[in-house]
Amino acid sequence: MSKINFSLLSLVLVSLFGAALSCAQGAPGPAPVNTSAASVASEPATDDWLTYGYDPERTGWNRGETTLGKDNVSKLAVLWSTLLSTKPTPVALATLSPPVVVSGVKTAHGVKNLLFLLGADDTLFALDTDSGKVFWQKNFPNTSKPARRPNWLCPKTANSTPVIDKVKGVVYFLASDGKLRGVSLSDGTQRLAPTDMVAPFARAWALNIFDNVIYTTSGRGCGEVSDPNSAIAAAETLNPGTSPPAPRGGTPLTGPPIDPGMVAAVDVHDPARPKLTIFYTSNGRPSGPWGRGGVTRGPDNTLLLETADGFMDTGSGQYGISILMLAPKATRLMDSFTPKNWRYLNAKDLDWSASPAVFAFGGKTLVAVSGKEAVIDLLDTSDLGGGASENHSTPFYQGPQIGNDAAAGTEPSQGIWGSIATYQTPDGRRFVYAPMWGPQSTKVSAFKFASGPVPNGSIMALEVVADGAKVSEVPTWTSPDLIMPDPPTVANGVVYATQTGGQAWQNVPLPDGSRRDPETTGAVYRATPVGNLVLYALDAETGKPLYSSGKTITDWVHFGQPVVALGKVFIVTHDSHVYAFGIKP
């Protein structure tokens with residue numbers, strides 16, 4: 001098996017033993033960063049979609065789209081559909097990554113508008129957005145073989161959404177060998193040599209790029225650490241007085257160690273000499289970042305991310321179930337927020353499961369955070385959790401519970417998953433939109449507008465309002481009933497949402513009561529949909545349905561996101577199709 005030699009890279013920062021940090025259970029934590037004068041550094045509005053969630057702040061709002069709007073989305077139709085060569089399997093629930101889109105690429109065949117996505121088989125595709133034809137495709141095979149058999153939890157496949165640097169004409173992507181690559185938009189020629197970023201077979205999330213640094217996060221312990229002399233292996237050293245964790249499900253781990261949760265940053269200011277930095281969120285599987293958007297950009301190019309179930313003790317390098325702010329290049333912890341009920345959330349598997357979204361409001365830069373508990377908290381990026389006096393556990397505004405009264409983590413999966421979106425209307429009203437799995441909470445005030453009962457799930461919209469210095473969230477609308485909705489996006493006053501049709505139950509036993517094998521029967525169960533993928537267009541202010549694709553698409557999707565760019569809506573399916581919706585001439 002090939003080995004990762006992280007020690008050859010010029011910079012690896014391991015943050016497990018931050019002596020200046022402290023325990024979230026009483027001792028002072030890191031001093032809050034002063035970002036009170038900083039603003040959100042959003043990229044100029046374009047009709048491209050260069051990264052997951054449109055921009056580095058993960059707003060999900062295409063501020064440059066003008067072709068599609070409330071007056072014409074009812075006329076949406078399939079302009080083209082393309083079947084790609086990546087073969088779907090039950091184990092790899094996500095066959096294709098969500099796409100990224102760029103206009104005006106100069107090629108040997110003229111100027112093209114191109115869509116890029118990564119297949120689970122390590123194939124990078126470039127499609128012509130006008131015709132749907134594959135413009136070029138290249139496979140980047142992983143020459144190593146996993147020591148442990150793939151299963152639906154850890155399929156050992158490529159998973160992260162690529163990111164585009166339009167100025168440099170490069171698309172960056174992360175293959176299943178854990179190496180970051182960069183290739184030319186026009187023809188796929190190498191622009192960045194394969195560079196170690198995460199462990200092979202890691203469960204890595206969407207790439208982000210700003211200030212010539214590329215970021216990703218990795219969680220779930222799917223990666224395999226094959227080099228015992230690497231820095232990533234050293235990061236797994238047990239803390240004093242601790243014992244190795246008990247194996248999950250009682251099955252002893254065989255083969256190489258799993259990778260710990262991490263944030264990886266590769267500085268590509270000089271592509272000939274990329275520099276890697278890693279911040280570890282624990283020394284094992286717990287506390288891994290879990291939002292699909294990976295890292296979210298905060299003020300002054302800081303990093304914001306959420307972590308999953310795990311112990312929270314900053315003094316020993318365990319950053320579970322928290323919102324973290326890291327310094328640029330993932331060099332150190334700057335601030336954090338841990339909810340007061342984190343032990344309860346751990347016990348119920350109600351961890352953060354959605355990437356944060358950053359936006360300006362009322363003279364502040366806020367970050368909206370959410371998870372399976374189905375609460376959207378608003379944090380002030382100048383002081384995420386109230387500082388040491390509040391034990392870093394007091395949000396700027398604690399939102400109402402809007403779903404998951406059953407406090408269900410995965411049986412069935414409920415709450416807010418993936419990422420949320422945010423939008424500001426032309427007259428200055430600010431909304432946040434969440435993909436809710438499961439029914440609406442009985443504890444929340446009535447939404448102003450609704451489209452009927454939502455037993456399976458919905459998109460929920462809340463308006464952020466100010467009353468003097470106070471901020472609150474007003475439940476505004478719910479979409480029609482959606483089976484496991486994916487993260488929504490918004491453009492030109494329209495919210496785009498998808499019912500995935502996926503299976504919300506993860507570990508339903510067999511008829512004889514035995515556990516399903518995640519490699520075989522469990523994978524087939526998870527990959528058997530309960531509905532079909534449906535694209536909706538909804539009024540961003542009222543939720544009024546403006547369009548539904550109905551039964552047009554017969555397949556389903558996992559880990560998708562509707563991408564709105566260049567006057568079209570692009571979505572992918574589990575059976576390896578790419579669809580473009582638009583207005584026919």
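Which cysteines does a disulfide join here? I began my notebook with that one, keeping in mind that this is a predicted model.

**Entry 1: the disulfide**

I found Cys-154 joined to Cys-222, with 2.0 Å from S to S. My count of disulfides stops at 1.

Next I checked where the two ends sit. Cys-154 is in the loop between strand S6 (134–139) and strand S7 (163–165), while Cys-222 is in the loop between strand S12 (213–218) and helix H1 (231–234), so the link ties together parts that are 68 residues apart in sequence.

Are these cysteines buried or exposed? Cys-154 has a relative accessible area of 13%, so I wrote it down as buried. Cys-222 comes to 1%, and that counts as buried too. The cut-off I needed for this is under 20%.

**Entry 2: salt bridges**

How many salt bridges are there? I got 18, and I picked out a few to look at.

I started with Asp-128 and Lys-112, whose side chains meet at 3.7 Å, N to O. Asp-128 belongs to strand S5 (residues 123–128) and Lys-112 to strand S4 (residues 110–118); the two are 16 residues apart, and the pair links distant parts of the chain. I noted Asp-128 as buried, because its relative accessibility is 10%.

Then I went to Asp-196 and Lys-179, which form a salt bridge at 2.7 Å, N to O. Since Asp-196 is in strand S10 (residues 190–196) and Lys-179 is in strand S9 (residues 179–184), this pair ties together parts that are 17 residues apart in sequence. The two ends get separate labels in my notes: Asp-196 is buried at 11%, whereas Lys-179 is partly exposed at 24%.

My last pair was Arg-429 with Glu-463, at 2.9 Å, N to O. Arg-429 sits in the loop between strand S26 (421–424) and strand S27 (430–437), and Glu-463 sits in strand S28 (residues 457–467), so the bridge ties together parts that are 34 residues apart in sequence. Arg-429 is partly exposed, with a relative accessible area of 28%, but Glu-463 is buried at 10%.

I turned to strand S16 (residues 303–306) and checked both faces. Leu-303 and Leu-305 are on one side, Leu-304 and Glu-306 are on the other, and all of them are buried.

Strand S15 (residues 296–297) runs antiparallel to S16, and 2 bridges join them. Across this pairing I saw Arg-297 opposite Leu-303. S15 and S16 make a hairpin with 5 residues between them, and Asp-300 in the turn has a positive phi of about 60 degrees.

S16 also pairs with strand S19 (residues 323–326), antiparallel again, over 4 bridges. There Leu-303 faces Leu-326 in S19.

**Entry 3: an open sheet**

In what order do the strands of the open sheet stand? I read off S23-S22-S21-S25, which is 4 strands with mixed pairing. The edges are strand S23 (377–380) and strand S25 (418–419); each has a single partner strand, so one side of each is left without a neighbour in the sheet.

Strand S21 (residues 352–361) pairs with S25 in the parallel sense over 2 bridges, and Ala-354 stands opposite Gly-418 in S25.

Definitions and conventions: Residues numbered from 1 in each chain as written. Predicted model: local features only at pLDDT ≥ 70, side-chain atom pairs only at ≥ 80, totals over all residues. Heavy atoms only, no water. Salt bridge = Lys/Arg side-chain N within 4 Å of Asp/Glu carboxyl O. Buried < 20%, exposed > 50% of the residue type's maximum accessible area, 1.4 Å probe, protein only. Pairing = 2+ DSSP bridges. Disulfide = S-S within 2.5 Å.
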